[in-house]
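Dear colleague,

I am handing over the structure below, and my notes on what was found in it follow directly after. Please read them alongside the coordinates.

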Amino acid sequence: AQRDRNQVKVKVTLKNPSQKPITSAQTWLTYDPETLKGVSVDVSRSSFSLTAPFESLFDQGKGLVKLGRGSEKPITDPFITVGELTFEVLKPGTTMISAYNYKSNLRGKVSANVMLNGKPYNVMSKPQSPALIIQ
């Protein structure tokens with residue numbers, strides 16, 4: 001995360017060490033809306049070319065950011081940029097940005113998907129939640 005005045009930028013990246021052919025990613029993240037305010041979602045440097053409908057937005061009331069991306073052809077890079085989030089810092093301290101509703105299948109809201117026999121499958125292992133220290 002990068003700090004700039006009263007804003008912090010968080011780059012959302014998938015680690016893909018086995019270089020699986022990822023066709024889509026859903027990344028819903030939670031944050032403390034009393035500490036951070038969602039400002040923008042930048043997908044201009046995303047490895048994915050497509051945005052899922054109604055996903056690239058903040059729900060400030062729930063402290064939730066919805067980020068859904070896809071690609072017409074599989075991406076096999078070892079690090080895949082999903083997007084960059086900008087938050088306004090409302091109060092300094094330590095806060096968590098966490099995966100929202102991860103499940104190993106497609107029923108959750110956090111996944112990295114490959115196509116197998118014409119169907120998507122989530123190949124993401126349980127994500128780690130980073131803490132942001134904002135001073």
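Glu 84 and Arg 45 form a salt bridge in this predicted model, with their closest N and O atoms 3.8 Å apart; the term stands for a side-chain nitrogen of Lys or Arg within 4 Å of a carboxyl oxygen of Asp or Glu. Because Glu 84 lies in strand β7 (residues 79-89) and Arg 45 in the loop between β4 (36-42) and β5 (50-59), the pair ties together parts that are 39 residues apart in sequence. Strands here are DSSP runs of E with at least two residues, numbered from the N terminus.

A search of the whole structure finds two salt bridges. As for accessibility, Glu 84 counts as buried at 17% relative accessibility, Asp 42 is partly exposed at 27%, and Arg 45 counts as exposed at 60% (buried means under 20% relative accessible area, exposed over 50%, and partly exposed in between, with a 1.4 Å probe and protein chains only).

Ser 71, found in strand β6, counts as buried at 16% relative accessibility. A polar atom of the Ser 71 side chain lies 2.6 Å from the backbone oxygen of Lys 73. Leaving aside residues up to four places away in sequence, Ser 71 touches Thr 23, Phe 48, Ser 49 and Leu 50, where touching means heavy atoms within 4.5 Å.

Residues are numbered from 1 along each chain as its sequence is written, and side-chain values use heavy atoms, with hydrogens and water left out. Since the model is predicted, local features need pLDDT of at least 70 and side-chain atom pairs count only at pLDDT 80 or more, whereas totals for chains, interfaces and linings use all residues.

Terms used:
Helix = DSSP H or I, 4+ residues; strand = E, 2+ residues; numbered from the N terminus. Polar contact = N/O pair within 3.5 Å; in protein donor to acceptor, adjacent residues only side chain to side chain.
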